[in-house]
Amino acid sequence: MLLATSASTFRRTQSSGRGFRIRTIVSRSSTQQARSHRWAAAADVALAHTVLLHVPDDALASVVARFESPRVIVSEILGRHWRRPGDPPVFNRDQSDYEFAFAPRYRLAKRHAWPYRHYPDTFLTMLEFARC
């Protein structure tokens, strides 16, 4: 799932007291489709929630290069011990792997982690990258 929102949408709906809408940019599970998509071209922030963990290591740099928004948030379970083959394969990474992949265009700005109740003793981590 890849979602994006614009600041103007947030301000407009926030003032109405109805929260804010998130505009869906793309929802892709296929690595092949993800490789050719231009990610979040018109958004202030892109949220890649459990998307990049399905992108093989040799394709990660080319996928990350397609992000155009000023901020990108990667949301997933971190740790290479989660990797597994299968359909779809899972390529979980460490934080340092993402920092390397996003550099030099983006830098890590924030990191948050919460217990992930679906997997005991596991955290869902959000890494926010800001354009340099």
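This is a predicted model: local features need pLDDT of at least 70, side-chain atom pairs count only at pLDDT 80 or more; totals for chains, interfaces and linings use all residues.
A search of the whole structure returned 5 aromatic pairs. In one of them, Phe102 and Tyr106 have ring centres 5.7 Å apart and planes at 85°, so this pair is classed as edge-to-face. Both partners are buried: the relative accessible area is 1% for Phe102 and 2% for Tyr106. Tyr116 and Tyr119 form a pair with ring centres 5.5 Å apart; their planes meet at 35°, so the arrangement is tilted. Tyr116 is partly exposed at 24% relative accessibility, and Tyr119 is likewise partly exposed, at 38%. Ring pairs also join Phe67, Phe102, Tyr106 and Phe129 into a cluster.

Tyr116 and Tyr119 are among the residues lining the second largest pocket, which has a volume of about 230 Å³. By class, 7 of the lining residues are nonpolar, 3 are polar and 2 are charged.

Leu108 lies in strand S5, which spans residues 106–115. With a relative accessible area of 24%, Leu108 is partly exposed. When neighbours within four places in sequence are set aside, Leu108 is in contact with Gln95, Glu99, Leu127, Glu128 and Phe129. Of these contacts, Phe129 is also a member of the aromatic cluster. Gln95 is 13 residues from Leu108 in sequence, and the C-alpha to C-alpha separation of the two is 9.4 Å.

Conventions. Residues are numbered from 1 along each chain as its sequence is written. Side-chain values use heavy atoms; hydrogens and water are left out. Helices (H or I, at least four residues) and strands (E, at least two) are DSSP runs, numbered from the N terminus. Buried means under 20% relative accessible area, exposed over 50%, partly exposed in between (1.4 Å probe, protein chains only). Contact means heavy atoms within 4.5 Å. On a 1 Å grid over the protein atoms alone, a cavity is a set of points where a 1.4 Å probe fits but cannot get out, and a pocket is an open set with protein on both sides within 12 Å along at least five of seven lines; lining residues have an atom within 4 Å of a point. Grid points are joined across faces, edges and corners, and a volume is the space filled by probe spheres set on the points. Ala, Val, Leu, Ile, Met, Phe, Trp, Tyr, Cys and Pro count as nonpolar, Asp, Glu, Lys and Arg as charged, and the others, Gly among them, as polar. Rings of Phe, Tyr and Trp (its six-membered ring) pair if their centres lie within 6.5 Å; planes under 30 degrees apart count as stacked, over 60 as edge-to-face and the rest as tilted.
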